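Subject: Handing over a model

Hi there,

Here is the model I promised to pass on.

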Amino acid sequence: MIDVLVTASFSENLLAKLRAVSSDIKIEQYVGTNGRYPQDRATDAEIMYTYGNLPLPEVAPNLRWVQLHSAGINHLIDQPFWESDIIFTTASGIHAPNMAQYALTQLLAWAQRVPIWFKVKNEGTWPKKRWDNYLPTELRGQTLGIVGYGSIGRELARLAKGFGMTILVTKRDARHIEDLGYALPGTGDPKGTLPNRIYPGEATRSMVSECDYVVNTLPDTEKTHHLFDEEMFRAMKPSSFFVNIGRGGTVNEKDLIRALKKGWIAGAGLDVFAEEPLPDDSPLWQLENVLLTPHVSGFTPHYDERATDLFAENLRRYLHGKPLLNLVNRETGY
């Protein structure tokens, strides 16, 4: 019998789904205060599902595999188990539909000049120059650059193709374009056939120079930290729109603010920031060419359902000695 500890607040229906995977597993649920598992609480679990708060190694001697409730792993790096031989897997792939939809919403809001809709409505005066104020940019024929071609980028590419956009993407290993991670049926670009061109990560600056819209989906790692800096923003078109749904640390925020003020780029749609919550004194609040949300692009009412589908599949793989989906590579940081 394999002990499985679940520290997420899953409903009984979702726990039943996990228990139905096999009679060889015993699932215990323990939800700590504010979702945090006490580091000194002993457990015999071999498998743990967690938001990211791990016990100390000495009180979890049998732990072999940790399935995370999130796609990011930055919160694990300082924990003792990170240096062990424990396997970590992420929830990458379950966020693709909602985050791709969010990114597309940012593109459409900018193209359709939606901020002006609310400005005029709040002013309560019918505009005299409707043509000047409301003339949109059509997405058809525009070039979208997706920085990081993972599950989110692939689903965004699928949606954007329907609008007639040209798709350029960067991928760390541009030679292997197939998606080997978890993906919801009918989503994304499993074979990597949608992009018009694929660039290695080292050529990001060259790619963004050709784009009308740039969407960043990257994790914050040693190689990607402050990737978007003054040089990157200066390489973009002055008419381009930048969207960040990756991690705040991938952007040098001071350089981004300068780019927005000086017109190196036309605007930005931001869901993540260097410091969260975004400080009240951040200049980003005052810039009219910025659309802001408080790190919500990953939200979906289907999150737990999709997360347990992924965990159930990985449980089956674990029991049958098959490779797990979304294995964390400690060298790359994701």
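Predicted model: local features only at pLDDT ≥ 70, side-chain atom pairs only at ≥ 80, totals over all residues.

Residues are numbered from 1 along each chain as its sequence is written, and side-chain values use heavy atoms, with hydrogens and water left out.

**Confidence**

The protein chain has a mean pLDDT of 95, and 100% of its residues reach 70 or more; pLDDT is the predictor's confidence in each residue, from 0 to 100. Confidence in the chain is lowest in helix α4 (residues 130–134), with a mean of 90, and highest in strand β9 (residues 213–216), at 99.

Buried means under 20% relative accessible area, exposed over 50%, and partly exposed in between (1.4 Å probe, protein chains only). Not counting residues up to four places away in sequence, threonine 300 touches Asn98 and Arg306, with contact meaning heavy atoms within 4.5 Å.

Proline 294 is also found in the loop between β12 (290–292) and α9. Proline 294 counts as exposed, at 65% relative accessibility. Histidine 295 is partly exposed, with a relative accessible area of 31%, and has a positive phi of about 55° although it is not a glycine.

**Other backbone points to check**

Most residues other than glycine have a negative phi, and most peptide bonds are trans. Asparagine 326, in the segment after α9, has a positive phi of about 65° although it is not a glycine. Asparagine 326 is buried, with a relative accessible area of 11%.

The peptide bond from glutamate 276 to proline 277 is cis, with omega near 0°. Proline 277 has its place in the loop between β11 (267–270) and β12.

**Two helix pairs**

Two packed helices are described by the angle between their axes and the distance between the axes. Axes are lines fitted to C-alpha atoms, for helices over the stretch in contact, and angles run from 0 to 180 degrees between N-to-C directions.

How do helix α1 (residues 12–19) and helix α9 (residues 303–319) pack, and at what angle? The angle is about 15°, with the axes of α1 and α9 9 Å apart. α1 and α9 are therefore roughly parallel to each other; angles under 35 degrees count as roughly parallel, over 145 as roughly antiparallel, 65 to 115 as roughly perpendicular and the rest as oblique. From α1, the contact is made by Leu14, Lys17 and Leu18, and from α9 by Asp304, Glu305, Thr308, Asp309, Phe311, Ala312 and Leu315. These residues divide into five nonpolar, one polar and four charged, where Ala, Val, Leu, Ile, Met, Phe, Trp, Tyr, Cys and Pro count as nonpolar, Asp, Glu, Lys and Arg as charged, and the others, Gly among them, as polar.

Helix α2 (residues 96–111) packs with helix α5 (residues 151–161) at an angle of about 55°, their axes being 8 Å apart. That makes α2 oblique to α5. In α2, Ala96, Pro97, Met99, Ala100, Gln101, Ala103 and Leu104 meet Ser151, Ile152, Glu155, Leu156 and Leu159 in α5. The residues of the contact of α2 with α5 comprise nine nonpolar, two polar and one charged.

**A cysteine and a histidine**

Is cysteine 211 buried or exposed? Cysteine 211 is buried, with a relative accessible area of 0%, and is found in the loop between α6 (204–208) and β9. Leaving aside neighbours within four places in sequence, cysteine 211 is in contact with Thr143, Leu144, Gly145, Leu168, Lys237 and Ser240. Cysteine 211 and glycine 145 are 66 residues apart in sequence and 5.6 Å apart in space, C-alpha to C-alpha.

Histidine 176, in the loop between β7 (166–171) and β8 (197–200), is exposed, with a relative accessible area of 51%. Histidine 176 and leucine 135 are 41 residues apart in sequence and 41 Å apart in space, C-alpha to C-alpha.

Best wishes

Notes
Helix = DSSP H or I, 4+ residues; strand = E, 2+ residues; numbered from the N terminus.
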